[in-house]
Amino acid sequence: MGFQFLINILIMLLWASLQQSYHSSDLLIGFVIGAIAVYFLRGALNESYYMKKVWALVKLIGLFIKELVLANYDMVKIVLNPRLKKDVKPGIIAVPTTLKYDWEITVLSMLVTLTPGTLTMDYSLDARTLYIHSMHVDDRQKVIDDITNSFERAIREVGE
Amino acid sequence: MFELVMDIGLIILSISVGLCLIRALIGPTTSDRIVALDSFGLNLIGLICIIMIQQDSTAYVEVTMIIGILAFIGSVALAKFLERGVVIDRDSH
Amino acid sequence: MIEILISIFIIGGCLLSLIGSLGIIRLKDIYGRMHAATKSATLGVILIIIGTFITFMGRGTLLFSLFFTILFVFLTAPVAAMIISRSAHRIGVELWENTQFDELHDSYPEELKPERDNSKAEEISTR
(Lines give C-alpha, C1' and ligand atoms only; values in the text may rest on other atoms or scores of the structure.)
Protein backbone atom coordinates (compact mmCIF):
# COMPACT_ATOMS: atom_id res chain seq x y z
CA MET A 1 0.00 0.00 0.00
CA GLY A 2 2.59 2.54 1.12
CA PHE A 3 5.14 1.36 -1.42
CA GLN A 4 2.70 1.62 -4.31
CA PHE A 5 1.73 5.14 -3.23
CA LEU A 6 5.43 6.10 -3.11
CA ILE A 7 5.94 4.88 -6.68
CA ASN A 8 2.89 6.83 -7.73
CA ILE A 9 4.27 10.05 -6.17
CA LEU A 10 7.68 9.45 -7.81
CA ILE A 11 6.08 9.06 -11.25
CA MET A 12 4.10 12.24 -10.62
CA LEU A 13 7.28 14.21 -9.79
CA LEU A 14 9.09 12.72 -12.80
CA TRP A 15 6.24 13.77 -15.09
CA ALA A 16 6.22 17.29 -13.67
CA SER A 17 9.98 17.66 -14.02
CA LEU A 18 9.83 16.43 -17.63
CA GLN A 19 7.16 19.07 -18.30
CA GLN A 20 9.36 21.62 -16.47
CA SER A 21 6.33 23.10 -14.78
CA TYR A 22 4.94 22.40 -11.35
CA HIS A 23 1.42 23.76 -11.59
CA SER A 24 -1.33 21.81 -9.87
CA SER A 25 -2.82 20.72 -13.20
CA ASP A 26 0.49 19.14 -14.28
CA LEU A 27 0.82 17.41 -10.93
CA LEU A 28 -2.73 16.07 -11.26
CA ILE A 29 -2.06 14.67 -14.75
CA GLY A 30 1.16 13.12 -13.44
CA PHE A 31 -0.74 11.52 -10.57
CA VAL A 32 -3.29 9.97 -12.93
CA ILE A 33 -0.49 8.66 -15.18
CA GLY A 34 1.25 7.24 -12.12
CA ALA A 35 -1.94 5.50 -10.98
CA ILE A 36 -2.32 3.89 -14.41
CA ALA A 37 1.35 2.82 -14.38
CA VAL A 38 1.02 1.26 -10.92
CA TYR A 39 -2.10 -0.55 -12.12
CA PHE A 40 -0.07 -2.30 -14.82
CA LEU A 41 2.81 -2.94 -12.42
CA ARG A 42 0.63 -4.50 -9.73
CA GLY A 43 1.53 -8.07 -10.69
CA ALA A 44 5.22 -7.43 -10.04
CA LEU A 45 4.59 -5.89 -6.60
CA ASN A 46 2.80 -8.90 -5.07
CA GLU A 47 0.05 -6.74 -3.62
CA SER A 48 -3.46 -5.87 -4.66
CA TYR A 49 -3.95 -2.54 -6.37
CA TYR A 50 -4.08 0.22 -3.76
CA MET A 51 -6.76 2.27 -5.51
CA LYS A 52 -9.14 -0.54 -4.55
CA LYS A 53 -8.68 0.45 -0.92
CA VAL A 54 -9.13 4.14 -1.72
CA TRP A 55 -12.34 3.31 -3.55
CA ALA A 56 -13.58 1.32 -0.52
CA LEU A 57 -12.80 4.36 1.66
CA VAL A 58 -14.80 6.62 -0.67
CA LYS A 59 -17.70 4.15 -0.51
CA LEU A 60 -17.50 4.16 3.31
CA ILE A 61 -17.68 7.98 3.41
CA GLY A 62 -20.64 7.89 1.03
CA LEU A 63 -22.35 5.39 3.35
CA PHE A 64 -21.70 7.75 6.29
CA ILE A 65 -23.37 10.69 4.53
CA LYS A 66 -26.33 8.61 3.30
CA GLU A 67 -26.97 7.21 6.77
CA LEU A 68 -26.72 10.68 8.35
CA VAL A 69 -29.41 12.06 6.03
CA LEU A 70 -31.67 9.03 6.61
CA ALA A 71 -31.14 9.35 10.38
CA ASN A 72 -32.29 12.96 10.28
CA TYR A 73 -35.42 12.05 8.32
CA ASP A 74 -36.17 9.43 10.97
CA MET A 75 -35.48 11.89 13.80
CA VAL A 76 -37.84 14.49 12.30
CA LYS A 77 -40.56 11.84 12.16
CA ILE A 78 -40.02 10.93 15.82
CA VAL A 79 -39.84 14.48 17.16
CA LEU A 80 -42.87 15.76 15.28
CA ASN A 81 -44.94 12.68 16.13
CA PRO A 82 -47.90 13.77 18.29
CA ARG A 83 -48.43 10.32 19.83
CA LEU A 84 -44.93 9.89 21.16
CA LYS A 85 -45.86 7.58 23.99
CA LYS A 86 -47.59 4.99 21.83
CA ASP A 87 -45.27 4.76 18.85
CA VAL A 88 -41.75 5.01 20.22
CA LYS A 89 -40.43 1.99 22.08
CA PRO A 90 -36.75 2.36 22.92
CA GLY A 91 -34.46 -0.30 24.34
CA ILE A 92 -30.83 -1.21 24.88
CA ILE A 93 -29.46 -4.08 22.76
CA ALA A 94 -26.19 -5.98 22.97
CA VAL A 95 -24.72 -6.35 19.47
CA PRO A 96 -21.80 -8.76 18.99
CA THR A 97 -19.16 -7.72 16.47
CA THR A 98 -16.48 -9.73 14.68
CA LEU A 99 -14.15 -6.84 13.82
CA LYS A 100 -10.59 -7.25 15.06
CA TYR A 101 -8.75 -3.93 15.24
CA ASP A 102 -9.48 -1.07 17.60
CA TRP A 103 -9.89 1.54 14.88
CA GLU A 104 -12.42 -0.63 13.08
CA ILE A 105 -14.55 -0.84 16.22
CA THR A 106 -14.23 2.92 16.69
CA VAL A 107 -15.44 3.58 13.15
CA LEU A 108 -18.27 1.08 13.62
CA SER A 109 -19.46 2.78 16.80
CA MET A 110 -19.36 6.20 15.10
CA LEU A 111 -21.31 4.83 12.14
CA VAL A 112 -23.88 3.29 14.48
CA THR A 113 -24.32 6.59 16.30
CA LEU A 114 -25.07 8.42 13.07
CA THR A 115 -27.55 5.84 11.71
CA PRO A 116 -31.35 6.03 12.03
CA GLY A 117 -32.55 5.44 15.57
CA THR A 118 -29.42 3.93 17.10
CA LEU A 119 -26.78 5.27 19.50
CA THR A 120 -23.70 3.52 20.85
CA MET A 121 -23.69 3.63 24.65
CA ASP A 122 -20.94 1.33 25.88
CA TYR A 123 -18.69 -1.56 24.91
CA SER A 124 -17.71 -4.66 26.84
CA LEU A 125 -14.24 -5.03 28.32
CA ASP A 126 -12.87 -7.16 25.47
CA ALA A 127 -14.50 -4.82 22.90
CA ARG A 128 -16.41 -7.67 21.23
CA THR A 129 -19.86 -6.42 22.16
CA LEU A 130 -21.36 -2.99 21.61
CA TYR A 131 -24.34 -1.85 23.66
CA ILE A 132 -26.70 0.14 21.49
CA HIS A 133 -29.67 2.28 22.47
CA SER A 134 -32.28 1.98 19.76
CA MET A 135 -35.51 3.88 19.23
CA HIS A 136 -37.28 1.04 17.41
CA VAL A 137 -36.79 -2.35 19.04
CA ASP A 138 -39.91 -4.07 17.72
CA ASP A 139 -37.65 -6.40 15.77
CA ARG A 140 -34.45 -6.87 17.76
CA GLN A 141 -32.84 -9.27 15.31
CA LYS A 142 -33.36 -6.86 12.41
CA VAL A 143 -31.31 -4.12 14.10
CA ILE A 144 -28.45 -6.54 14.70
CA ASP A 145 -28.62 -7.89 11.12
CA ASP A 146 -28.56 -4.38 9.64
CA ILE A 147 -25.39 -3.51 11.52
CA THR A 148 -23.63 -6.80 10.79
CA ASN A 149 -24.52 -6.99 7.12
CA SER A 150 -23.97 -3.49 5.77
CA PHE A 151 -21.63 -1.61 8.10
CA GLU A 152 -19.23 -4.33 9.17
CA ARG A 153 -18.78 -5.41 5.56
CA ALA A 154 -18.03 -1.87 4.38
CA ILE A 155 -15.49 -1.35 7.17
CA ARG A 156 -13.81 -4.71 6.57
CA GLU A 157 -13.33 -3.85 2.88
CA VAL A 158 -11.23 -0.85 3.91
CA GLY A 159 -9.31 -2.81 6.51
CA GLU A 160 -8.10 -5.65 4.30
CA MET B 1 -34.55 38.85 -0.34
CA PHE B 2 -31.21 37.31 0.63
CA GLU B 3 -30.97 39.55 3.70
CA LEU B 4 -34.48 38.48 4.74
CA VAL B 5 -33.50 34.79 4.49
CA MET B 6 -30.50 35.41 6.73
CA ASP B 7 -32.71 37.21 9.26
CA ILE B 8 -35.18 34.30 9.28
CA GLY B 9 -32.30 31.90 9.84
CA LEU B 10 -31.08 33.96 12.78
CA ILE B 11 -34.59 33.97 14.30
CA ILE B 12 -34.97 30.19 13.94
CA LEU B 13 -31.58 29.57 15.48
CA SER B 14 -32.36 31.94 18.37
CA ILE B 15 -35.54 29.97 19.15
CA SER B 16 -33.47 26.79 19.03
CA VAL B 17 -30.88 28.23 21.44
CA GLY B 18 -33.70 29.33 23.73
CA LEU B 19 -35.17 25.82 23.82
CA CYS B 20 -31.75 24.41 24.72
CA LEU B 21 -31.49 26.98 27.49
CA ILE B 22 -34.88 25.94 28.89
CA ARG B 23 -33.75 22.31 29.03
CA ALA B 24 -30.50 23.36 30.68
CA LEU B 25 -32.47 25.23 33.34
CA ILE B 26 -35.20 22.67 34.10
CA GLY B 27 -33.34 19.45 33.26
CA PRO B 28 -33.98 17.00 36.10
CA THR B 29 -30.46 15.55 36.13
CA THR B 30 -27.02 16.96 35.44
CA SER B 31 -26.65 14.73 32.39
CA ASP B 32 -29.63 16.47 30.78
CA ARG B 33 -27.93 19.80 31.35
CA ILE B 34 -24.73 18.54 29.72
CA VAL B 35 -26.66 17.40 26.63
CA ALA B 36 -28.41 20.76 26.40
CA LEU B 37 -25.17 22.72 26.69
CA ASP B 38 -23.46 20.51 24.08
CA SER B 39 -26.25 21.22 21.62
CA PHE B 40 -26.09 24.90 22.65
CA GLY B 41 -22.47 25.03 21.44
CA LEU B 42 -23.37 23.50 18.07
CA ASN B 43 -26.14 26.06 17.59
CA LEU B 44 -23.73 28.88 18.42
CA ILE B 45 -21.48 27.74 15.55
CA GLY B 46 -24.45 28.10 13.20
CA LEU B 47 -25.25 31.58 14.54
CA ILE B 48 -21.68 32.77 14.03
CA CYS B 49 -21.63 31.42 10.45
CA ILE B 50 -24.77 33.40 9.56
CA ILE B 51 -23.35 36.54 11.21
CA MET B 52 -20.23 36.03 9.07
CA ILE B 53 -22.37 36.10 5.93
CA GLN B 54 -24.30 39.17 7.08
CA GLN B 55 -21.23 41.21 7.95
CA ASP B 56 -19.24 39.94 4.95
CA SER B 57 -16.23 39.30 7.13
CA THR B 58 -14.00 36.23 7.41
CA ALA B 59 -12.67 37.13 10.84
CA TYR B 60 -14.80 34.61 12.71
CA VAL B 61 -13.62 31.41 11.01
CA GLU B 62 -11.34 30.48 13.88
CA VAL B 63 -14.07 31.29 16.38
CA THR B 64 -16.30 28.53 14.97
CA MET B 65 -13.46 26.03 15.32
CA ILE B 66 -12.67 27.10 18.88
CA ILE B 67 -16.31 26.85 19.97
CA GLY B 68 -16.55 23.36 18.48
CA ILE B 69 -13.44 22.25 20.37
CA LEU B 70 -14.50 23.85 23.65
CA ALA B 71 -18.03 22.39 23.54
CA PHE B 72 -16.62 18.90 22.97
CA ILE B 73 -13.97 19.12 25.67
CA GLY B 74 -16.39 20.65 28.16
CA SER B 75 -18.96 17.88 27.65
CA VAL B 76 -16.37 15.13 27.92
CA ALA B 77 -14.81 16.60 31.05
CA LEU B 78 -18.18 17.02 32.76
CA ALA B 79 -19.27 13.49 31.82
CA LYS B 80 -16.05 12.00 33.14
CA PHE B 81 -16.39 13.99 36.33
CA LEU B 82 -19.90 12.62 36.86
CA GLU B 83 -18.77 9.08 36.18
CA ARG B 84 -15.60 8.88 38.27
CA GLY B 85 -15.50 11.99 40.42
CA VAL B 86 -12.29 13.15 38.67
CA VAL B 87 -11.57 14.66 35.26
CA ILE B 88 -8.13 13.16 34.60
CA ASP B 89 -7.40 9.57 35.61
CA ARG B 90 -4.09 9.34 37.44
CA ASP B 91 -3.83 5.54 37.35
CA SER B 92 -4.89 3.70 34.25
CA HIS B 93 -6.51 0.73 36.03
CA MET C 1 -29.33 31.51 -8.72
CA ILE C 2 -26.51 30.80 -6.28
CA GLU C 3 -28.43 32.73 -3.63
CA ILE C 4 -31.33 30.26 -3.86
CA LEU C 5 -28.91 27.37 -3.28
CA ILE C 6 -27.36 29.15 -0.27
CA SER C 7 -30.81 29.94 1.13
CA ILE C 8 -31.84 26.28 0.87
CA PHE C 9 -28.71 25.18 2.74
CA ILE C 10 -29.02 27.83 5.48
CA ILE C 11 -32.76 27.43 6.09
CA GLY C 12 -32.47 23.64 6.02
CA GLY C 13 -29.66 23.73 8.55
CA CYS C 14 -31.56 26.12 10.83
CA LEU C 15 -34.70 23.97 10.71
CA LEU C 16 -32.69 20.85 11.55
CA SER C 17 -31.13 22.65 14.52
CA LEU C 18 -34.64 23.62 15.63
CA ILE C 19 -35.76 19.98 15.29
CA GLY C 20 -32.84 18.94 17.47
CA SER C 21 -33.74 21.44 20.19
CA LEU C 22 -37.43 20.47 20.00
CA GLY C 23 -36.34 16.86 20.46
CA ILE C 24 -34.30 17.86 23.50
CA ILE C 25 -37.41 19.47 24.99
CA ARG C 26 -39.98 16.87 23.93
CA LEU C 27 -38.38 13.45 24.39
CA LYS C 28 -38.78 11.87 27.77
CA ASP C 29 -35.41 10.51 28.89
CA ILE C 30 -31.80 11.52 28.44
CA TYR C 31 -31.00 8.76 25.95
CA GLY C 32 -33.72 9.91 23.58
CA ARG C 33 -32.55 13.49 23.96
CA MET C 34 -29.05 12.34 23.09
CA HIS C 35 -30.39 10.97 19.77
CA ALA C 36 -31.89 14.35 18.87
CA ALA C 37 -28.90 16.37 20.01
CA THR C 38 -26.38 14.24 18.10
CA LYS C 39 -28.03 13.56 14.77
CA SER C 40 -30.08 16.64 13.98
CA ALA C 41 -27.76 19.26 15.42
CA THR C 42 -24.72 17.75 13.66
CA LEU C 43 -26.27 17.71 10.19
CA GLY C 44 -27.79 21.16 10.80
CA VAL C 45 -24.43 22.71 11.60
CA ILE C 46 -22.78 20.96 8.67
CA LEU C 47 -25.41 22.33 6.26
CA ILE C 48 -25.02 25.88 7.60
CA ILE C 49 -21.23 25.69 7.25
CA ILE C 50 -21.51 24.43 3.66
CA GLY C 51 -23.85 27.34 2.92
CA THR C 52 -21.33 29.78 4.36
CA PHE C 53 -18.53 28.23 2.30
CA ILE C 54 -20.55 28.59 -0.92
CA THR C 55 -21.37 32.21 -0.07
CA PHE C 56 -17.74 33.19 0.38
CA MET C 57 -16.77 31.17 -2.69
CA GLY C 58 -19.21 33.30 -4.68
CA ARG C 59 -17.60 36.42 -3.25
CA GLY C 60 -14.13 35.22 -4.24
CA THR C 61 -12.60 33.81 -1.04
CA LEU C 62 -11.97 30.13 -0.48
CA LEU C 63 -12.24 29.41 3.23
CA PHE C 64 -10.92 25.88 3.50
CA SER C 65 -10.55 26.13 7.25
CA LEU C 66 -14.34 25.90 7.50
CA PHE C 67 -13.95 22.27 6.40
CA PHE C 68 -11.83 21.62 9.45
CA THR C 69 -14.78 22.71 11.55
CA ILE C 70 -17.01 20.26 9.64
CA LEU C 71 -14.46 17.46 10.11
CA PHE C 72 -14.13 18.26 13.79
CA VAL C 73 -17.88 18.33 14.45
CA PHE C 74 -18.33 15.13 12.46
CA LEU C 75 -15.61 13.30 14.40
CA THR C 76 -16.43 14.53 17.90
CA ALA C 77 -20.24 14.39 18.00
CA PRO C 78 -20.44 10.55 18.20
CA VAL C 79 -17.66 10.39 20.79
CA ALA C 80 -19.32 12.99 23.02
CA ALA C 81 -22.68 11.20 22.67
CA MET C 82 -21.15 7.89 23.70
CA ILE C 83 -19.33 9.27 26.72
CA ILE C 84 -22.28 11.31 28.02
CA SER C 85 -24.79 8.46 27.68
CA ARG C 86 -22.36 5.97 29.23
CA SER C 87 -21.73 8.17 32.27
CA ALA C 88 -25.47 8.81 32.63
CA HIS C 89 -26.18 5.08 32.58
CA ARG C 90 -23.44 4.33 35.08
CA ILE C 91 -24.54 6.86 37.67
CA GLY C 92 -28.07 5.52 37.38
CA VAL C 93 -30.18 8.04 35.46
CA GLU C 94 -33.61 6.47 35.03
CA LEU C 95 -34.81 5.14 31.69
CA TRP C 96 -38.16 6.06 30.18
CA GLU C 97 -40.98 3.74 31.25
CA ASN C 98 -41.62 2.74 27.62
CA THR C 99 -38.17 1.13 27.41
CA GLN C 100 -38.53 -2.51 26.47
CA PHE C 101 -35.34 -4.09 27.81
CA ASP C 102 -31.95 -3.05 29.15
CA GLU C 103 -29.19 -5.51 28.32
CA LEU C 104 -26.44 -3.12 29.38
CA HIS C 105 -27.65 -3.16 32.99
CA ASP C 106 -27.35 -6.95 33.05
CA SER C 107 -23.76 -6.81 31.88
CA TYR C 108 -22.41 -4.86 34.86
CA PRO C 109 -20.66 -6.82 37.62
CA GLU C 110 -22.77 -7.21 40.75
CA GLU C 111 -20.95 -4.71 42.95
CA LEU C 112 -21.01 -1.97 40.31
CA LYS C 113 -24.73 -2.16 39.45
CA PRO C 114 -26.18 1.34 39.71
CA GLU C 115 -29.50 1.74 41.47
CA ARG C 116 -32.01 2.66 38.83
CA ASP C 117 -33.75 5.39 40.71
CA ASN C 118 -34.03 9.04 39.84
CA SER C 119 -33.61 10.33 43.37
CA LYS C 120 -30.24 8.57 43.59
CA ALA C 121 -29.06 10.25 40.38
CA GLU C 122 -30.23 13.59 41.69
CA GLU C 123 -28.30 13.06 44.88
CA ILE C 124 -25.10 12.21 43.03
CA SER C 125 -25.46 15.10 40.64
CA THR C 126 -25.98 17.72 43.31
CA ARG C 127 -23.20 16.44 45.56
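Two strands are taken to pair if DSSP finds at least two bridges between them, and helices (H or I, at least four residues) and strands (E, at least two) are DSSP runs numbered from the N terminus. The model described here is predicted, so to speak, under these conditions: local features need pLDDT of at least 70, side-chain atom pairs count only at pLDDT 80 or more, and totals for chains, interfaces and linings use all residues. Residues are numbered from 1 along each chain as its sequence is written, chains are lettered from A and ligands numbered from 1 in the order in which they are written, and side-chain values use heavy atoms, with hydrogens and water left out.

Where contact means heavy atoms within 4.5 Å, residues 24 or more positions apart make up 65% of the chain A contacts that have a separation of 6 or more.

Strand β3(A), residues 129-134, pairs with both of the other strands described next. Strand β1 of chain A (residues 91-96) runs antiparallel to β3(A) and is joined to it by six bridges; in one of these, Val95(A) has Leu130(A) as its partner. Strand β2 of chain A (residues 118-123) is also antiparallel to β3(A), with five bridges, and Thr118(A) lies opposite Ser134(A). Five residues separate β2(A) and β3(A) in their hairpin, where Ala127(A) adopts a positive phi near 55 degrees. Strand β3(A) is mostly covered, with five of its six residues buried.

Beyond its neighbours within four places in sequence, Thr97(A) touches Leu108(A), Ala127(A), Arg128(A), Thr129(A) and Glu152(A). Thr97(A) counts as buried because its relative accessibility is 6%. Its side chain also makes a polar contact with that of Glu152(A), at 2.9 Å (a pair of N or O atoms within 3.5 Å; within protein, one must be able to donate a hydrogen and the other to accept it, and residues adjacent in sequence count only if both atoms are side-chain atoms).

Turning to the interfaces, chain A and chain C each bring 37 residues into contact. About 3500 Å² is buried between them, 71% of it from carbon and sulfur atoms (the accessible area, 1.4 Å probe, that two parts lose on being put together, summed over both). Val79(A), Ile92(A) and Met121(A) supply 18% of the area that chain A buries here, more than any other three residues. The one salt bridge found across this interface joins the side chains of Asp122(A) and Arg90(C) at 3.3 Å, N to O (a side-chain nitrogen of Lys or Arg within 4 Å of a carboxyl oxygen of Asp or Glu).

The contact between chain C and chain B takes 49 residues from chain C and 44 from chain B. Its buried area is about 4100 Å², with 75% from carbon and sulfur atoms. Two salt bridges cross it, including one between Arg59(C) and Asp56(B) at 3.0 Å, N to O. Among the elements of chain C, α3(C) gives the most to the side touching chain B, with 16 residues.

Terms used: Buried < 20%, exposed > 50% of the residue type's maximum accessible area, 1.4 Å probe, protein only.
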